[in-house]
Amino acid sequence: MNVLVTGGAGYIGSVTVATLLERGHSVVVLDDLSTGHRGAVPEGVPFVHGSVADPDMVGYALAEHRVEAVVHFAAKSLVGESMSKPTKYFLANTASTFALLDSAAAHGVGRFVLSSTAAVYGTPARVPIPETAELRPESVYGESKLMIERALKWLADTTGLASAALRYFNAAGATASLGEDHRPESHLIPIVLQVAAGKREQAQVFGTDYDTPDGSAVRDYVHVSDLAEAHALALEAMRPGEARAYNLGSGSGYSVREVIDVCRAVTGHAIPTAEAPRRAGDPPRLVADSSLARSELGWKPRFDDLGTLVASAWEWHSAHPHGYAD
Ligand SMILES: NC(=O)c1ccc[n+]([C@@H]2O[C@H](COP(=O)([O-])OP(=O)(O)OC[C@H]3O[C@@H](n4cnc5c(N)ncnc54)[C@H](O)[C@@H]3O)[C@@H](O)[C@H]2O)c1
């Protein structure tokens, strides 16, 4: 398939580009490099430097590369910022995606994969969370993605677009050549590893009074290679007129303190911590029930051990101490 990957210079997008290539697909990347890195896109992969909000640029990429499917990662994804700058998020995530979908329809693109998020659930009534759980985002970020999911259902009914909304839990880990380099970094594991590497003084534990075994918040960490694999499977399995949604997580929950302990064991560094108040909108536990992706897509995550996942991230950070600036 000829696939346009928006945000393919970003963390999850770049690993997915590599996976799609391995599976024999042709890929073109569209990225504005606002948070991504040109060096994360392999040499030889056509790269269009532009925004998904620019119909001329998108139209050029779709026509030039006879694109049949779009895998859409490009987005803003800082939950806190989405609450202080809501219109920025509705524009960057929702409106831009509607513009992208309009261009895709005009160019006869029949398949679409959306990077969605566990944030569409808000605080779940129970964990693990199945796809049938109530959708009650507690942030503009979550709502900005849910609005796209709802539009995809309408497009399936009205135009026959085949789509899959992939609701990631916490992406983590690295491949030998591709890793996580967000600036500023907002994700727990790379932040803790920055402490281990001596680049930060301490790791903050936000919330120590949750109703969890050690009081810190519990999250589900899924390896970025496993996420990438799911995109390829979803793309290949989707059918016209169907808008599917799948949770992607490991199914195991680890508390913030447990993650820090694993990072200590993997790196051999002490990793000082500081306790901080809960952050608004941070639910106590988010753990995925991903059985639908396993049964319908045949998805078999290969990394189910947090130590292996953290070790892959540590190897990448150790080999690339300045991230993609090296
Ligand atoms: N990282 C996670 O744990 C996680 C969890 C749930 C959902 N997601 C979603 O997955 C997607 C990818 O996340 P990531 O962690 O790889 O983020 P990232 O910031 O590394 O990647 C996003 C990429 O999109 C590009 N981009 C942003 N706006 C653009 C635009 N208007 N036009 C073209 N390119 C644009 C950026 O330059 C970057 O390369 C996002 O949609 C995010 O909301 C991520």
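What is the volume of the largest cavity? In this model, which is predicted, with local features needing pLDDT of at least 70, side-chain atom pairs counting only at pLDDT 80 or more, and totals for chains, interfaces and linings using all residues, the largest cavity has a volume of about 50 Å³. Residues are numbered from 1 along each chain as its sequence is written, and side-chain values use heavy atoms, with hydrogens and water left out.

On a 1 Å grid over the protein atoms alone, a cavity is a set of points where a 1.4 Å probe fits but cannot get out, whereas a pocket is an open set with protein on both sides within 12 Å along at least five of seven lines, and lining residues have an atom within 4 Å of a point. Points are joined across faces, edges and corners, and a volume is the space filled by probe spheres set on the points.

By this rule there are four cavities of 30 Å³ or more. Around the largest cavity we find Tyr221, Ser250, Ser252, Tyr254, Phe303, Asp304, Asp305, Leu306 and Leu309, and by class this lining has five nonpolar, two polar and two charged residues. For the classes, Ala, Val, Leu, Ile, Met, Phe, Trp, Tyr, Cys and Pro count as nonpolar, Asp, Glu, Lys and Arg as charged, and the others, Gly among them, as polar.

The second largest cavity, with a volume of about 40 Å³, is lined by Glu149, Leu152, Lys153, Ser163, Ala165, Ala243, Arg244 and Ala245. Two or more of its lining residues come from each of helix H5 (140–159), strand E6 (162–168) and strand E11 (243–248), where helices (H or I, at least four residues) and strands (E, at least two) are DSSP runs numbered from the N terminus. This lining divides into four nonpolar, one polar and three charged residues.

Strand E6 also holds Leu166, which is buried, with a relative accessible area of 0%; buried here means under 20% relative accessible area, exposed over 50%, and partly exposed in between, with a 1.4 Å probe and protein chains only. Leu166 and Asp56 are 110 residues apart in sequence and 27 Å apart in space, C-alpha to C-alpha.

Turning to the open sites, the second largest pocket has a volume of about 250 Å³. Of the 18 residues that line this pocket, Gln194, Lys199, His317, His320 and Pro321 are the closest to its centre. Helix H6 (188–196) and helix H10 (306–319) each supply at least two residues of the lining, and H10 gives the most, with four residues. The lining of this pocket comprises six nonpolar, seven polar and five charged residues.

Next, the ligand. Of the 29 residues around the ligand, those that come nearest are Asp31, Thr35, Phe73, Tyr141 and Lys145, a residue being near if one of its heavy atoms lies within 4 Å. Oxygen atoms of the ligand lie 3.1 Å from a backbone N or O atom of Gly10, 3.0 Å from a backbone N or O atom of Ser34, and 3.1 Å from a side-chain N or O atom of His182.

Now for helix H7 (residues 224–237). At 1.5 Å a residue, its 14 residues should span 20 Å, and the end C-alpha atoms are 20 Å apart, which agrees; the expected span is 1.5 Å times one less than the number of residues. Eleven of the 14 residues are buried, so H7 is largely enclosed by the rest of the structure, and the buried residues include Asp226 and His231.

I will end with some backbone details that may deserve a look. A cis peptide bond joins Val127 and Pro128, with omega about -5°, and Pro128 sits in the loop between strand E5 (111–117) and H5. The peptide bond from Arg183 to Pro184 is also cis, with omega near 0°, and Pro184 belongs to the loop between strand E7 (170–172) and H6.

Which non-glycine residue has a positive phi near 60°? That residue is Leu33, in the loop between strand E2 (26–31) and strand E3 (47–49), and Leu33 is partly exposed, with a relative accessible area of 26%. Arg66, although not a glycine, has a positive phi of about 45°; Arg66 lies in the loop between helix H2 (55–64) and strand E4 (69–72), and at 63% relative accessibility it counts as exposed.

Definitions and conventions:
A polar contact is a pair of N or O atoms within 3.5 Å; within protein, one must be able to donate a hydrogen and the other to accept it, and residues adjacent in sequence count only if both atoms are side-chain atoms.
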